[in-house]
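Open the model in a viewer and keep the sequence panel beside it. The stops below go from the whole chain to single residues.

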Amino acid sequence: MRSVTDQRVGAAPATGETGPTMDAGSVLRVAIAIAFAYAIWRMGRAVLGSFARPVPEPPAPGELRKVKLQYRCDVCGTEVRMTAANDQMPEPPRHCLEDMILVTPVDDL
Ligand SMILES: [Zn+2]
């Protein structure tokens, strides 16, 4: 007569683990994949956001200040006169890739 304890059940020996687990290499690969996906998502959002945000419109002509400023290009000598600006002392325009020099006489400022 056979005892019950002699019968082998077709189950894995109990080791305390519940179900299949990933080894360290798989966990690392999944972590890298998630990090890459997040980085690509962030880049895509940044690119689309730059398209969606239009350049702010310049103020209406009535809001511009009337100025009478004369600038000269220090490289080639070109002179220009600025007649309207959004500030009393606006940034100098550029010519020949350099900021132009304000040559307005001090009396006219
Ligand atoms: Zn120039």
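In what order do the elements of the chain run from the N terminus on? The order is α-β-β-β-β-β, that is, 1 helix and 5 strands. This is a predicted model, so every value in the tour is computed from predicted coordinates.

**The whole chain**

Of its 109 residues, 3% count as buried. Turn next to its contacts with a separation of 6 or more: residues 24 or more positions apart account for 30% of them.

**Helix α1**

Select residues 24-52, which make up helix α1. How far apart are the end C-alpha atoms of this helix? They are 42 Å apart, and this agrees with the 42 Å that 29 residues should span at 1.5 Å a residue. Now colour the helix by burial. The number of buried residues among the 29 of α1 is 0, so the helix lies largely in the open.

**The sheet**

Move on to the strands and select β1, β2 and β5 together. They form an open sheet of 3 strands in the order β2-β1-β5, with antiparallel pairing. The edge strands are β2 and β5, each of which pairs on one side only.

Take the pair β1 and β2 now. Strand β1 covers residues 65-72, and its antiparallel pairing with β2 has 6 bridges. To see how the two strands line up, select Arg65 and look across to β2, where Ala85 stands opposite.

Strand β5 consists of residues 101-102, and 2 bridges join it to β1 in an antiparallel arrangement. Select Arg72 here: Ile101 in β5 stands opposite.

**The turn between β1 and β2**

Strands β1 and β2 form a hairpin, with 6 residues between them. Select Gly77 in the turn; its phi is positive, at about 90°.

Next select Thr78, which is found in the loop between β1 and β2. Is Thr78 buried or exposed? It has 12 other C-beta atoms within 10 Å and is exposed, because a residue with 12 or fewer counts as exposed. Leaving aside neighbours within four places in sequence, Thr78 is in contact with Cys73 and His95.

**The loop between β3 and β4**

Stay with Cys96, which is found in the loop between β3 (94-95) and β4 (98-99). Its phi is near 55°, a positive value in a residue other than glycine. Cys96 counts as exposed, with 11 C-beta neighbours inside 10 Å.

Finish at Leu97, which lies in the loop between β3 and β4. What is the phi of Leu97 near? It is near 65°, a positive value in a residue other than glycine. With 7 other C-beta atoms within 10 Å, Leu97 is exposed.

Notes: Residues numbered from 1 in each chain as written. Predicted model: local features only at pLDDT ≥ 70, side-chain atom pairs only at ≥ 80, totals over all residues. Pairing = 2+ DSSP bridges. Helix = DSSP H or I, 4+ residues; strand = E, 2+ residues; numbered from the N terminus. Buried ≥ 20, exposed ≤ 12 C-beta atoms within 10 Å, placed from the backbone. Contact = placed C-beta atoms within 7 Å. Expected span 1.5 Å × (residues − 1).
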